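Hi,

Here is the model I said I would pass on.

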Amino acid sequence: HDYAEWAYQGKVLSLYWTSPDDVAGYSLYPYPVPYVLSHYLIAAYNLVFSPILAAKLFLLSYVLLSLWVYSKFLGRYITDIEQRQCLWLLLVCLGTFSSFFWYGYIGYQLGFLVFLYFLSVYRSNSSASTIAVFGMLTFFAHATIFLQLSMFVVLAVVFFGYQSRQLLGLLPSVALSGWFLYGRYFVQPHDAVVQSSWASLLEAVVYKLGMVTMHGPFKNF
């Protein structure tokens with residue numbers, strides 16, 4: 001249910017670059033915002049393809065990228081070929097096509113791939129610049145993934161003796177987070193207009209039951 005919105009915003013963003021007069025009613029926030037990596041990638045596809053095709057090609061690219069990232073990740077930790085193949089298939093089912101994929105949470109899915117690739121290359125002597133690149137990528141992919149990566153690096157330094165300079169690599173993305181929070185809560189000129197509401201208790205109950213039904217078989221797969 002989120003993906004159609006991301007595809008729509010991707011098209012609007014591409015017009016922002018090529019035909020700004022056509023989207024004069026839209027504006028970009030003047031501060032960095034998490035979750036926008038997928039928007040910009042879809043917008044890049046829209047520069048060449050129609051909106052629906054661009055959205056589908058973006059999803060196909062995500063699937064293909066995930067297959068490669070899983071191979072890199074398992075190649076580091078699993079030496080037995082047969083085990084690696086079985087785990088690769090498991091990751092495809094539970095990672096690439098997780099419930100978040102079907103919900104349309106493509107930003108979270110992209111962040112997951114970035115984090116998994118990070119775990120494929122992360123070492124005790126990894127440079128601060130490497131941490132900075134992955135930190136900013138996860139920030140722009142999904143804030144939750146960024147928090148997980150940051151916590152992982154902090155734990156590695158504090159409890160497992162990884163080089164303390166790695167903490168410096170988190171500073172750029174932490175600065176982006178602070179800038180976002182400041183802009184979101186102190187600079188934003190007006191609150192977003194809520195265009196939906198519950199007209200009755202019955203409507204609220206139906207909506208909540210809908211959320212429960214979405215946590216059905218594929219959610220627990």
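Which residues does Ser-98 touch, not counting those up to four places away in sequence? They are Cys-93 and Gln-109, with contact meaning heavy atoms within 4.5 Å. Ser-98 sits in the loop between helix H4 (81-96) and helix H5 (99-103). Ser-98 is buried, at a relative accessible area of 11%; buried is under 20%, exposed is over 50% and partly exposed is in between, using a 1.4 Å probe and protein chains only.

Some housekeeping before the rest. This is a predicted model, where local features need pLDDT of at least 70 and side-chain atom pairs count only at pLDDT 80 or more, while totals for chains, interfaces and linings use all residues. Residues are numbered from 1 along each chain as its sequence is written, and side-chain values use heavy atoms, with hydrogens and water left out. Helices are DSSP runs (H or I, at least four residues), numbered from the N terminus.

Now H1 and H2. Helix H1 (residues 3-18) packs on helix H2 (residues 37-46) at about 60°, with the axes 7 Å apart. The axes are lines fitted to C-alpha atoms over the stretch in contact, and angles run from 0 to 180 degrees between N-to-C directions. The pair is therefore oblique, the class left over once under 35 degrees (roughly parallel), over 145 (roughly antiparallel) and 65 to 115 (roughly perpendicular) are taken out. The crossing of H1 and H2 is right-handed, that is, the near helix is turned clockwise from the far one by less than a right angle.

The loop between H1 and H2 holds Tyr-35, whose phi is near 80°, a positive value in a residue other than glycine. Most residues other than glycine have a negative phi. Tyr-35 is partly exposed, with a relative accessible area of 35%.

Helix H3 (residues 51-77) has 27 residues and reaches 39 Å from first C-alpha to last, close to the 39 Å expected, which is 1.5 Å times one less than the number of residues. Its buried residues include Phe-58, Tyr-62, Val-69 and Phe-73, and the buried set packs against H1, H2, H4, H5 and helix H6 (106-121). H1 and H3 pack at about 120°, axes 10 Å apart. Tyr-3, Ala-7 and Lys-11 of H1 make that contact with Pro-51, Ala-55, Lys-56, Phe-58 and Leu-59 of H3.

Cheers

Technical notes
Helix = DSSP H or I, 4+ residues; strand = E, 2+ residues; numbered from the N terminus.
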